[in-house]
Amino acid sequence: MVDPSEAARILAGLRKIRRLICPECGTEFEGKGRRRFCCRACARRYNSREYYRRRRERLLAEGGKQSRAGYWQEYYRRNREKILARRRARRQQAKAPSESGE
Ligand SMILES: [Zn+2]
């Protein structure tokens with residue numbers, strides 16, 4: 001025999017358990033409370049992906065016009081002298097042995 005308060009407690013316990021589908025891997029599981037994922041690995045994977053997605057969106061919103069090519073163009077413009085000097089030095093190094101040999 002089950003007394004009323006015991007029955008209420010069982011019902012309350014049952015109500016908390018929901019059939020959920022993991023948004024990460026699609027596995028059906030019994031979710032309690034605020035749980036959303038079937039396992040920790042899924043939660044971690046989902047959250048880190050969301051984090052990077054939001055970060056990328058924010059970066060795009062901030063500097064959407066500056067593409068990767070634009071970044072290197074800007075880099076080249078700023079360090080043009082340094083880059084050219086390095087290139088010249090490398091060319092001379094490559095040439096030096098044959099020049100001394102003649
Ligand atoms: Zn999962």
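What follows is a short chat about the fold, the hairpin and the confidence of a predicted model.

Biologist: How many helices and strands are there in the protein?
Modeller: In this predicted model the protein has four helices and two strands, and along the sequence they follow the pattern α-β-β-α-α-α.

Biologist: And which way do β1 and β2 pair, over how many bridges?
Modeller: Strand β1, residues 17–21, pairs with β2 in the antiparallel sense, and the pairing runs over five bridges.

Biologist: Which residues in β2 are the bridge partners of Ile-17 and Arg-18?
Modeller: The partner of Ile-17 in β2 is Lys-32, while Arg-18 has Gly-31 as its bridge partner there.

Biologist: What about the hairpin, how many residues sit between the strands?
Modeller: There are six residues between β1 and β2, and in this hairpin Gly-26 takes a positive phi near 80 degrees.

Biologist: Where is Thr-27, then?
Modeller: Thr-27 belongs to the loop between β1 and β2.

Biologist: Is Thr-27 buried or exposed?
Modeller: Thr-27 is exposed, because it has 12 other C-beta atoms within 10 Å, and a residue counts as exposed at 12 or fewer.

Biologist: Which residues is Thr-27 in contact with, leaving aside its neighbours in sequence?
Modeller: Once the neighbours within four places in sequence are set aside, Thr-27 is in contact with Cys-22 and Cys-38. The C-alpha atoms of Thr-27 and Phe-37 are separated by 8.7 Å, and those two residues are ten apart along the chain.

Biologist: Back to the strands, how many residues of β2 are buried?
Modeller: The number is zero out of the five residues of β2, residues 28–32, so this strand lies largely in the open.

Biologist: What span should α2 have, and how far apart are its ends?
Modeller: At 1.5 Å a residue, the 24 residues of α2 should span 34 Å, and the end C-alpha atoms are 34 Å apart, so the two values agree.

Biologist: Changing topic, which elements have the lowest and the highest mean pLDDT?
Modeller: Among the elements of the protein, helix α1, residues 4–16, has the lowest mean pLDDT at 75, whereas helix α2, residues 40–63, has the highest at 91.

Biologist: And what does the protein average?
Modeller: The average pLDDT of the protein is 83, and 83% of the residues score at least 70.

Note on methods. Residues numbered from 1 in each chain as written. Predicted model: local features only at pLDDT ≥ 70, side-chain atom pairs only at ≥ 80, totals over all residues. Buried ≥ 20, exposed ≤ 12 C-beta atoms within 10 Å, placed from the backbone. Pairing = 2+ DSSP bridges. Contact = placed C-beta atoms within 7 Å. pLDDT = per-residue confidence, 0-100. Expected span 1.5 Å × (residues − 1).
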